[in-house]
Amino acid sequence: MTNTTLSPSDALLGPDADWWRQAAVYQIYPRSFADANGDGVGDLRGILSRVDYLKGLGIDAVWMSPFYPSALADGGYDVDDYRDVDPRIGTLAEFDELVAALHARSLKLIVDIVPNHSSDRHVWFQEALAAGPGSPERDRYIFRDGLGENGELPPADWTSTFGGPAWTRVADGQWYFHMFAKEQPDWNWANREIRDDFLKTLAFWADRGVDGFRIDVAHALTKRLPEPLPTAAELADPTLFPVGDHPLSDRDDVQEVYAEWRELFNRYSPPLTAVAEAWVPADRRVRYASRDSLGQAFNFDLLRATWNPEEFRTIIRDNLALAGQSGASSTWVFSNHDVVRHASRYGLPSGGEGREWLLSGGTSEVEDRDLGVARARAVSLLAFALPGSAYLYQGEELGLPEVVDIPESERQDPAFFRNRGVEIGRDGCRVPLPWTTEGSSFGFGSGDSHLPQPVWWGDYSVETEEADDSSTLHFYRRALALRHELQTAEELSWIDAPESVVAFRRPGGWVSVTNFGVESVELPAGRVVIASGALDGDRLPADTTAWIVVDAD
Ligand code: GLC
């Protein structure tokens, strides 16, 4: 099924234009979801074999992380060809089949677009290398001469996001800029050819039926590199560059790119959606989320939220206000392919993001798995009750913990290799999913899995959890189904409650109550329709959320 192109005025009236506003979106990291051909790497056939599972979860849309041809220097975020499928993952024909299979079940598909950088195997980077300094081919990327007598020093002392230098020298002596790994050269967005090529890519996928895009590193596309280049210390000094005019990040002029994209998105019916991964201050996020821009932006506050009711109240209040300013709905996300899984984060006595714990190989403190899962369920249920879109990461519906003990020899993340001893990387949240209690790669595929799975992985498998009515899987299904039933207008009102309790009401007499304290608390009057854990009679125990419906008289 493909999208229909309409004139912009028709598109505004298109059907179902607001489907994304309160959607539950499930992120698939394709290489680790399901492997149909047994080569150890997940694939489109694997996803196709699980579309009924996806439908059964009660989600509205799937967001697929990159599935494009890639050397996997950064798990697929190093794209060789933006308009093709990695042969290890499948074919374009299979992609079309997947779109059709999802749409047949009324599920939307969002794909990841990686516009800040390509891979160093992209044909245009190869052409840039071959063509030499000063050529139009080199102008598609960011090349500079080096410093020092013979240009042997990098043009600036900048560090890449994954550690190590942000400039790499090529054979003829010039250097190119890469914000991430050296295999990820940054595009030069001042070059019209790049803008046109991405418009072509977006239309390519839209014409194949895709419903929306997740935009990787959305804040960094446009750059303005003054000569001489600022030092790393100068780049980090907020007094040197006015907001919106930083050389590398969150420039006002990036919105010119998105205005063009929005024009293209609005030619489809319903208009395509887009969500920005923009690491910018909250007040700047509004620009990316506005209707003239991408339309929605990730709020990453919950990736860092500790088990603290005041923190949750502030995050909710602030993000609903920001969403109001942009006209978008807010997003709520606890886990993704870049962070420690939240079932583990909430089981760590220190709270927080779990970075030190990861770095220590899980030895710096003792993870309490039961507490982690209980709290993860409680906060997920809380977030499912909020107005806005809920983004879920594959495996969180199983309560999957982070894998902390992956041997060095098996690690894949460039953040590990480029930043040894400082960062362990993100492999632990990307371990292939367990589908069966036993068997080869726990049902992920008929062979091994590309990252090692722990021996206890089967305890969290779909098969094991299917058989247990109290499992996290059954809980997620019930919660998402109820969310669908109960969700109406995007409004929320706070309910007076003890300091340790986060309680609010949604239209239609639907109330969510979370107990962050240590003692059980009294539940508000009404019918409990779901709870994240066992109740204590008519009281809500610690570490638990319940939804209550107050029936109209
Ligand atoms: C984003 C992605 C991350 C990737 C990086 C570079 O932050 O989420 O996985 O490594 O961009 O593309």
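## Packing, ring pairs and backbone features

Ala34 has a relative accessible area of 3% and is therefore buried. The model described here is predicted. Ala34 sits in the loop between β2 (24-28) and α2 (44-48). Neighbours within four places in sequence aside, the contacts of Ala34 are Gly42, Asp43, Gly46, Ile47, Arg50, Trp435 and Phe444. Ala34 and Pro434 are 400 residues apart in sequence, yet their C-alpha atoms are 8.9 Å apart in space.

**Two packed helices**

Two packed helices are described by the angle between their axes and the distance between the axes. Helix α6 (residues 192-207) packs with helix α8 (residues 254-265) at an angle of about 30°, and their axes are 11 Å apart. Angles under 35 degrees count as roughly parallel, so α6 and α8 are roughly parallel to each other. The crossing in which α6 passes α8 is right-handed.

Which residues of α6 and α8 meet? From α6 come Arg192, Arg195, Phe198, Leu199, Leu202 and Ala203, and from α8 come Glu256, Val257, Glu260, Trp261, Leu264 and Phe265. Sorted by class, this contact has 8 nonpolar and 4 charged residues, with no polar ones.

**Aromatic pairs**

Across the whole structure, a search finds 43 aromatic pairs. One of them joins Phe213 and Phe265: the ring centres are 5.6 Å apart and the planes stand at 25°, so this pair is stacked. Phe213 belongs to strand β8 (residues 212-215) and Phe265 to helix α8, so the pair links distant parts of the chain, 52 residues apart. Phe213 has 0% relative accessibility and therefore counts as buried. Phe265 also has 0% relative accessibility and therefore counts as buried.

Trp307 and Phe516 form a tilted pair, with 4.3 Å from centre to centre and 40° between the planes. Trp307 lies in the loop between α10 (301-304) and α11 (309-326), while Phe516 lies in the loop between β16 (510-515) and β17 (521-522), so the pair ties together parts that are 209 residues apart in sequence. Trp307 is buried, with a relative accessible area of 15%. The value for Phe516 is 7%, and this residue is buried too.

Ring pairs also link a cluster, made up of Tyr82, Trp124, Phe125, Tyr141, Phe143, Tyr176, Trp187, Trp189, Phe198, Tyr258, Trp261 and Tyr288.

**Backbone features**

Most residues other than glycine have a negative phi, and most peptide bonds are trans. The table lists exceptions.

| Residues | Feature | Value |
|---|---|---|
| Glu227 and Pro228 | cis peptide bond | omega about -10° |
| Ser269 and Pro270 | cis peptide bond | omega about -5° |
| Asp250 | positive phi, not a glycine | phi about 55° |
| Ser441 | positive phi, not a glycine | phi about 40° |

Where are these residues placed? Pro228 is in the loop between β8 and α7 (232-235). Pro270 is in the loop between β9 (268-269) and β10 (273-276). Asp250 is in the loop between α7 and α8, and Ser441 is in the loop between α15 (414-418) and α16 (462-466).

Are Asp250 and Ser441 buried or exposed? Buried means under 20% relative accessible area. Asp250 has a relative accessible area of 8% and is therefore buried. Ser441, at 10% relative accessibility, counts as buried as well.

Definitions and conventions. Residues are numbered from 1 along each chain as its sequence is written. This is a predicted model: local features need pLDDT of at least 70, side-chain atom pairs count only at pLDDT 80 or more; totals for chains, interfaces and linings use all residues. Side-chain values use heavy atoms; hydrogens and water are left out. Axes are lines fitted to C-alpha atoms, for helices over the stretch in contact, and angles run from 0 to 180 degrees between N-to-C directions. Helices (H or I, at least four residues) and strands (E, at least two) are DSSP runs, numbered from the N terminus. Angles under 35 degrees count as roughly parallel, over 145 as roughly antiparallel, 65 to 115 as roughly perpendicular and the rest as oblique. A crossing is left-handed if the near helix is turned anticlockwise from the far one by less than a right angle, and right-handed if clockwise. Contact means heavy atoms within 4.5 Å. Ala, Val, Leu, Ile, Met, Phe, Trp, Tyr, Cys and Pro count as nonpolar, Asp, Glu, Lys and Arg as charged, and the others, Gly among them, as polar. Rings of Phe, Tyr and Trp (its six-membered ring) pair if their centres lie within 6.5 Å; planes under 30 degrees apart count as stacked, over 60 as edge-to-face and the rest as tilted. Buried means under 20% relative accessible area, exposed over 50%, partly exposed in between (1.4 Å probe, protein chains only).
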